[in-house]
Amino acid sequence: MSTERLYYADPFLHRFTARVVAHGTWSGAPSVVLERTAFYPEAGGQMGDRGMLGGLPVRDVQVDDAGTVHHLLDVPAGAALPMPGTELAGEVDRARRRANMSLHTGQHMLSRALVDVAGAATVSSRLGETLCTIDTDQDTLDERQVAEAEARVNDIIDDDIPIRAFFPTPEELAALPLRRAPKVTDNIRVIQIGDFDVSPCGGTHCTRSGQVGMVRVLGVERYKGKGRVLFSAGPRARRELWEEAGTLRAMARAFTCGVAEVPVAVDKLRRELTEAREALGAVRARLAEHTAGELAATLEASADKRVVAVLDGAGPEQLRAVAARLTARPEAVVLLAGRLPEGMPVLIARGAGSTFGCGAFLKRAAEAAGGRGGGRPEHAEGRLPPGTDWPALAATLLG
């Protein structure tokens, strides 16, 4: 049972009435089948419409191989689907439809321009909820050529040329310069964007190129051996630009500079951060050297060449730096902990001449204190709860 598609004649149709002719199922879920519909079912890489039907939310719209459109409704618990014979009022989510029209028409135009500029034919496209992509038959794409294709598309948008959606006769179809071959053999619908592009498609499209608003390339990447273009168009692209502009203005306020000066301010901040990190690294190195020097005396005085210590404010990096200096002594065993508000990082390490099992020891310590950690026989790291008495715990486990 093929459902009449009202959007073929008018993609801007958002309200309609239709009679329920049957109940169906889609992926195990019950559906409503209408004699006709303005709801676009998910197909050809384009998302399905949403809206209201008979006062119930339409959560999905799908089409089967017979051309039957299935409307999946959010029905309250205990309620039944509208019965066959019932006439229902439908209302398509206008904003979603309008955005999808711009995205789909924009995709056609960008696919055409990629062929013209880069010789890259579209293999597949996807118009997602948050991201739209075009995969081409080239393994890599030149970003300069993609930018040129984007500019060409926006020139066509500015020209506001007419867009025609129609079902040509077989003779007319044979004479059309189609960008790609149809995926079906009957009832082939064609979208013609002036003299710019002619492609078979069953989706919803704008009726003039100016309605697309803009096409914006977001990036170029290589995906599964294909050159992929990420793009946006229409209301979605406009919203994304507004959001990005808002972020840029907020950064300008934070840096107390003009919007155009934000890159300079960020570069300056990056340089200052690099210098600060280098200075901090030098300070940490001196502190590690000093701490290791203090602990070396304890290590030398120890009969078993072991040192247990807690370093206030030391994180894992500081512990590693101190341990590296102490374990230069072949027989050394270093059992260090740092004291931080969020917990105690612990590091156990040994010199090249020691046989102490660092990983096994830390595992026992973590189990006893309710922490976590482990590692290899020669080196292990973990974290214990704040307030752990590390010297007492280590003494108990060392016997």
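Arginine 98 is found in helix α1, which spans residues 94–118. Helices (DSSP runs of H or I, at least four residues) and strands (runs of E, at least two) are numbered from the N terminus. The model is a predicted one: local features need pLDDT of at least 70, side-chain atom pairs count only at pLDDT 80 or more, and totals for chains, interfaces and linings use all residues. Residues are numbered from 1 along each chain as its sequence is written, and side-chain values use heavy atoms, with hydrogens and water left out.

Arginine 98 is buried yet has no salt bridge. Buried means under 20% relative accessible area, exposed means over 50%, and partly exposed lies in between (1.4 Å probe, protein chains only). A salt bridge is a side-chain nitrogen of Lys or Arg within 4 Å of a carboxyl oxygen of Asp or Glu. The nearest side chain of opposite charge to arginine 98 is aspartate 160, 9.0 Å away. For charge, Lys and Arg count as positive and Asp and Glu as negative, while His and the chain ends are not counted. The side chain of arginine 98 does make a polar contact of 2.7 Å with the side chain of serine 102. A polar contact is a pair of N or O atoms within 3.5 Å; within protein, one must be able to donate a hydrogen and the other to accept it, and residues adjacent in sequence count only if both atoms are side-chain atoms. Beyond its neighbours within four places in sequence, arginine 98 is in contact (heavy atoms within 4.5 Å) with Phe12, Cys206 and Gln211.

Helix α1 also takes part in the largest pocket. This pocket holds about 1200 Å³ of space. Its lining has 40 residues, and the closest to its centre are Gly44, Lys183, Val184, Cys201 and Gly202. The largest share, five residues, comes from α1. A pocket is found on a 1 Å grid over the protein atoms alone, as an open set of points where a 1.4 Å probe fits, with protein on both sides within 12 Å along at least five of seven lines; lining residues have an atom within 4 Å of a point. Grid points are joined across faces, edges and corners, and a volume is the space filled by probe spheres set on the points.

The structure holds 24 salt bridges. One of them joins arginine 15 and glutamate 91, with the closest N and O atoms 3.3 Å apart. This pair links distant parts of the chain, 76 residues apart: arginine 15 is in strand β2 (residues 15–26) and glutamate 91 in strand β8 (residues 87–92). Arginine 15 is exposed, at 60% relative accessible area. Glutamate 91 is partly exposed, at 37%.

The side chains of arginine 112 and aspartate 116 meet at 3.1 Å, N to O. Both residues lie in α1, four residues apart, about one turn of the helix. Arginine 112 is buried at 15% relative accessibility, whereas aspartate 116 is partly exposed at 38%.

Arginine 339 and aspartate 312 form a further salt bridge, at 2.4 Å from N to O. Arginine 339 lies in strand β17 (residues 333–339) and aspartate 312 in strand β16 (residues 306–312), so the pair ties together parts that are 27 residues apart in sequence. Arginine 339 is partly exposed, with a relative accessible area of 43%. Aspartate 312 is exposed, at 61%. Salt bridges with shared partners also join Arg112, Asp116, Arg179 and Asp197 into one network.

Two loop residues have a positive phi without being glycine. Serine 27 has a phi near 50 degrees. Serine 27 sits in the loop between β2 and β3 (29–34) and is exposed at 72% relative accessible area. Asparagine 187 has a positive phi of about 50 degrees. Its loop runs between α3 (170–175) and β12 (190–193), and asparagine 187 is exposed at 69%.

Arginine 164 lies in strand β11 (residues 163–166) and is partly exposed at 46% relative accessibility. Not counting residues up to four places away in sequence, arginine 164 touches Val190, Ile191 and Gln192.
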